[in-house]
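User: I am new to protein structures and would like to learn how to read one, feature by feature. Could you take me through an example?

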Amino acid sequence: MYPPLVLVLAIFFAVATAIAALSSPLPHPLDPLSPTELTAVRSAVLAFSLVASRPISFHYVGLDEPEKPDVLSHTNAAAAAILPRRAFVIARAGGLSHEFYVDVTNTSAPRVVSHGIHDGPGFPMFTTEEQVAAGQLSREYPPFRESLQRRGLALTNVGCGVFSMGWFGKNEARRLAKVQCFIVAGGTANYYARPLEGVTLLVDVEKLVIVAYRDRAAYSVPKAEGTDYRAGKARPPFNGAVPAPGVVVQPEGKGFHIDDHIVRWANWEFHVGFDMRAGTVISMASVHDADADLWRRVLYRGFASEIFVPYMDPEEEWYFHTFMDAGEYGLGVSAVPLQPEADYPANAAYMDGYYVDADGKPVKSENIICVFERYAGDIAWRHTGVAGPIAPITEVRPDVTLVVRMVVTVGNYDYTLDWEFKTVGSIKTVVSLSGILEMKATNYTHVDQIRDDIHGTLIAENTVGVYHDHFITYHLDLDIDGTKNSFIKNTIIPKRNTGVRATGGAPTPRSYWTVLYEVAETEAEGQVNINGAPADLLFVNPSKKTKVGNEVGYRLIPAGATATSLLANNDYPQRRASYTKKQVWVTPYNKSEK
Ligand SMILES: [Cu+2]
């Protein structure tokens with residue numbers, strides 16, 4: 001098969017070059033799809049004759065990145081090979097999940113280059129439109145109206161939302177979801193504090209029909225009073241003293257430059273992309289080596305790949321709360337416009353993102369990624385030399401860093417997802433969680449009444465904050481100084497010295513620790529529970545050595561949240577999120593695994 005393949009490639013490049021020459025300026029191969037490209041994708045899919053069913057609903061459209069070696073040669077070579085621009089599409093039509101690859105190199109003549117039907121388990125993300133429509137279904141449903149009447153509630157007092165229902169062993173052909181409701185009356189904006197506990201609808205989000213209805217039990221509705229989070233409605237300390245206003249002064253202007261999607265700052269250069277599922281995508285992050293005057297790549301691609309949120313309440317209305325926030329709701333779709341000088345400081349620049357609605361039309365999300373230099377008052381490095389003829393010497397380097405931020409609001413939660421770049425060459429990912437708890441109504445008003453496990457904490461009268469986890473997973477394709485990287489576990493092992501002075505031992509036996517250097521040879525060795533033996537996790541390029549012969553590498557430093565899932569291995573939510581049993585999984589590069 002080798003010769004025909006070469007022939008095909010040759011033709012392909014010739015055609016691609018001719019087309020690309022017509023449109024200028026050329027996008028970076030990793031740039032997200034532009035509104036023009038997204039519109040072209042839609043026309044190609046709608047015109048594709050092999051899928052006749054209507055309607056077609058678009059659940060995901062994103063860049064189908066070129067192969068990594070092609071991207072690298074594109075950016076390295078002076079005479080860059082022109083790469084095709086392609087989209088990957090997941091759409092639903094005729095009750096099936098369709099996957100398309102669409103070439104939009106020439107946006108006036110887009111074409112579907114591949115189409116397949118996904119026949120395995122799993123479904124694409126919800127669209128916003130179907131969530132809104134499914135949330136409305138209960139309004140015309142007589143049993144639901146009766147449930148409200150029994151509780152003395154009017155329809156206008158209630159709002160409902162779509163809750164993904166996890167996977168519990170059954171591979172269902174229908175796209176089903178649960179709908180649960182909240183009391184939206186009472187003057188509070190905090191609907192999540194006032195659930196209509198005990199009532200659950202099972203809906204087909206595609207056909208927009210109610211499949212099952214359950215009104216199991218009535219609970220007291222938590223009070224509206226004291227729940228509102230809006231400024232002016234909240235009481236101290238939630239609306240407490242505002243600190244004196246501060247300003248960021250940058251007399252020489254911003255220290256970074258944004259050229260389309262490329263950000264350059266201090267000794268860093270990287271590409272910032274946007275994806276409707278993953279949100280911010282950082283690519284091609286490189287550090288400048290001043291000695292060699294070289295850009296040395298350390299991260300090919302990084303993004304938050306999933307957020308698994310299982311709740312720990314086995315009750316009928318709660319057991320299925322096992323959300324996959326990225327794969328079910330979309331981090332990019334759920335990213336919200338950032339509020340100037342609150343979500344980010346005055347010295348920030350911001351970027352927009354584009355995704356598609358259910359009809360495949362581009363939607364602009366304004367001001368959803370911001371970039372700013374952080375002057376946190378921290379110290380990057382310091383030393384005071386107190387001895388010697390010129391002492392004292394004090395040297396301090398302030399820690400100014402560059403932050404790329406996105407805020408994702410998935411229902412009640414607000415995730416702030418930061419990428420922070422440091423001049424010492426490190427990259428830090430930080431997730432801050434804010435927003436509102438998902439709350440459960442209970443008849444308890446005081447902890448003294450509780451005799452059983454309520455699966456959470458009584459946080460107010462009639463309100464339980466249910467135990468749960470957020471497992472946030474990052475896909476990091478590290479390219480430390482090139483693509484040939486190894487994963488090293490430096491395990492710390494205790495030792496004893498016998499105290500034999502002839503061989504340099506201490507006069508008395510000592511215990512100490514030393515480091516055992518192990519290269520991971522298999523994928524199994526690339527799985528790490530970081531709460532096990534203390535270890536340094538290193539990513540090195542064995543072909544790149546320092547002057548003294550050490551391998552060039554980066555260290556993965558776990559900080560803060562190092563939890564693993566405590567669910568049973570055969571529990572369905574755990575089987576679905578089996579990766580949460582270990583924190584680090586290292587695998588060889590494979591474009592399809594992301
Ligand atoms: Cu939470």
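This is a predicted model: local features need pLDDT of at least 70, side-chain atom pairs count only at pLDDT 80 or more; totals for chains, interfaces and linings use all residues.

User: Let me begin with the helices. Which residues of helix α5 are buried?

Analyst: A residue counts as buried when its relative accessible area is under 20%. In helix α5, which covers residues 142-150, the buried residues are Phe144, Ser147 and Leu148. Looking down the axis of α5, you find these buried residues within an arc of 95°, so they line one face of the helix. Gln149 and Arg150, on the other side of α5, are exposed.

User: What do the buried residues of α5 pack against?

Analyst: The buried residues of α5 pack against the strands β5, β6, β7 and β8. After the helix comes Gly152, which has a positive phi near 70°.

User: Which residues are buried in helix α4, and what covers them?

Analyst: Helix α4 runs over residues 128-136, and Glu130, Ala134 and Gly135 are buried in it. Seen down the axis of α4, they fall within an arc of 135°, so here too the buried residues line one face of the helix. Their cover includes β1 (57-63), β5 (158-163), β6 (176-183) and β7 (199-204).

User: How should I think about a nonpolar core, and which residues touch the most other members of the largest one?

Analyst: The general idea is that in soluble globular proteins nonpolar side chains tend to be buried together. In this structure the largest nonpolar core has 98 residues, and Phe270 and Phe421 are the ones that touch the most other members. Strand β2 (residues 86-93) gives this core its largest share, six residues. If neighbours within four places in sequence are left aside, the contacts of Phe270 include Ile262, Val263, Met284, Leu402 and Phe421. There is also a second, separate core of seven residues, among them Tyr344, Ala348, Cys370 and Val403.

User: Are Arg85 and Glu37 buried or exposed?

Analyst: Arg85 counts as buried, at 6% relative accessibility, and Glu37 is buried as well, with a relative accessible area of 8%. For another case, take the salt bridge of Glu140 with Arg145, where the closest N and O atoms are 3.9 Å apart. Glu140 is exposed, with a relative accessible area of 63%, whereas Arg145 is partly exposed at 38%.

User: Which parts of the chain does the salt bridge between Glu316 and Arg214 link?

Analyst: The side chains of Glu316 and Arg214 meet at 2.5 Å, N to O. Glu316 lies in the loop between β13 and β14, and Arg214 lies in strand β8 (residues 209-215), so you can see why the pair is said to link distant parts of the chain, 102 residues apart. Salt bridges can also share partners, and in this way Arg216, Asp313, Glu315, Glu317 and Lys440 are joined into one network.

User: Where is Asp313 placed, and what does it touch?

Analyst: Asp313 is placed in the loop between β13 (294-310) and β14 (322-324), and with a relative accessible area of 1% this aspartate is buried. Not counting residues up to four places away in sequence, Asp313 touches Trp318, Tyr319, Lys440, Ile454, His455 and Val466.

User: How far apart in space are Arg382 and Arg397?

Analyst: Distance along the sequence and distance in space are separate things to read. Arg382 and Arg397 are 15 residues apart in sequence and 6.2 Å apart in space, taken from C-alpha to C-alpha. Arg382 lies in strand β16 (residues 362-385) and counts as partly exposed, at 39% relative accessibility.

Conventions. Residues are numbered from 1 along each chain as its sequence is written. Side-chain values use heavy atoms; hydrogens and water are left out. Buried means under 20% relative accessible area, exposed over 50%, partly exposed in between (1.4 Å probe, protein chains only). Helices (H or I, at least four residues) and strands (E, at least two) are DSSP runs, numbered from the N terminus. The arc is that of the directions from the helix axis to the C-beta atoms. Contact means heavy atoms within 4.5 Å. A nonpolar core is a set of buried Ala, Val, Leu, Ile, Met, Phe, Trp, Tyr and Cys residues joined through side-chain atoms within 4.5 Å. A salt bridge is a side-chain nitrogen of Lys or Arg within 4 Å of a carboxyl oxygen of Asp or Glu.
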